[in-house]
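User: Got a fold here that I'd like to walk through. Can you take my questions as they come?

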Amino acid sequence: MTIKSQLFQRSPVWRLNRQGLKMSMPSEVKSWVYERGSLTQRLRATYGSELKVTVLMQQWTKPFLAERVLLNLPEYQYCLTREVILHAYDQPLVLARTIIPKHTVKLANTNLAHLGNRPLGEVIFNCPNLLRQALAITTVMPGTWTNSIRTLADINQGIWGRSTVYQVEHKPMLVNEFFLPSVL
């Protein structure tokens, strides 16, 4: 197994969250990047049952170096990597890449390897011991995305994204979310 992605040709470049970065962001982007609640819940408030999740990839892979650093993982560790697109009315809204270390896959009431088309946010935001530990931000330029994703999501500009390290039941996971222009 090697590093693999349906979203990216190479890893995005992440910047740690800093006040100056926040001030340089368009206000509609800030609203999503700094959302404290569940993105799934926020999207459901607008799109209701039309919000769908399509799994693009879910397999055991080596995370990108930046992802391993954020999760403090050794180079050789494989994680469950899940890439999805959240969409409504056939309009792509959010792309997501989640890195789940082996010891995090099984939670008290859910096996994260068996989510299928269920949004991750519906699971983790119902966990009583959910903590956010770190936030990093990026703007992903069109050439970083795979050709198929660039076409599917009609990406022709920089796409803002956030990377959040969560502790779920005292176990880490990394959720990377990218906000397409149709959601802004």
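User: Which residue in the turn of the β3 and β4 hairpin has a positive phi?
Analyst: Y89, with a phi of about 50°. Two residues lie between β3 and β4 in that hairpin. Before going on: this is a predicted model, where local features need pLDDT of at least 70, side-chain atom pairs count only at pLDDT 80 or more, and totals for chains, interfaces and linings use all residues. Residues are numbered from 1 along each chain as its sequence is written, and side-chain values use heavy atoms, with hydrogens and water left out.

User: How many bridges pair β3 and β4?
Analyst: Ten, in the antiparallel sense. β3 covers residues 79-88 and β4 residues 91-101. A88 has Q91 of β4 as its bridge partner. L80 has I100 of β4. Strands are DSSP runs of E, at least two residues; helices are runs of H or I, at least four; both are numbered from the N terminus. Two strands count as paired if DSSP finds at least two bridges between them.

User: And how many bridges link β2 and β3?
Analyst: Nine, also antiparallel. T54 stands opposite I85 of β3.

User: Is β3 mostly covered or open?
Analyst: Mostly covered: ten of its ten residues are buried. Buried means under 20% relative accessible area (1.4 Å probe, protein chains only).

User: Which residues sit on each side?
Analyst: C79, T81, E83, I85 and H87 are on one side, and L80, R82, V84, L86 and A88 are on the other. In a regular strand the side chains alternate between the two faces of the sheet.

User: Zooming out, what is the strand order in the sheet?
Analyst: β1-β5-β6-β7-β4-β3-β2, an open sheet of seven strands with antiparallel pairing. β1 (15-16) and β2 (52-61) stand at the edges with a single partner strand each, so one side of each has no neighbour in the sheet.

User: Which strands does α3 lie across?
Analyst: Helix α3 (residues 39-47) lies across β3, β4, β6 (159-168) and β7 (171-179). It runs at about 160° to β4. Axes are lines fitted to C-alpha atoms, for helices over the stretch in contact (heavy atoms within 4.5 Å). Angles run from 0 to 180 degrees between N-to-C directions.

User: What share of the chain is buried?
Analyst: 47% of the 184 residues. The C-alpha trace spans about 35 × 35 × 35 Å along its principal axes.

Notes: Buried < 20%, exposed > 50% of the residue type's maximum accessible area, 1.4 Å probe, protein only.
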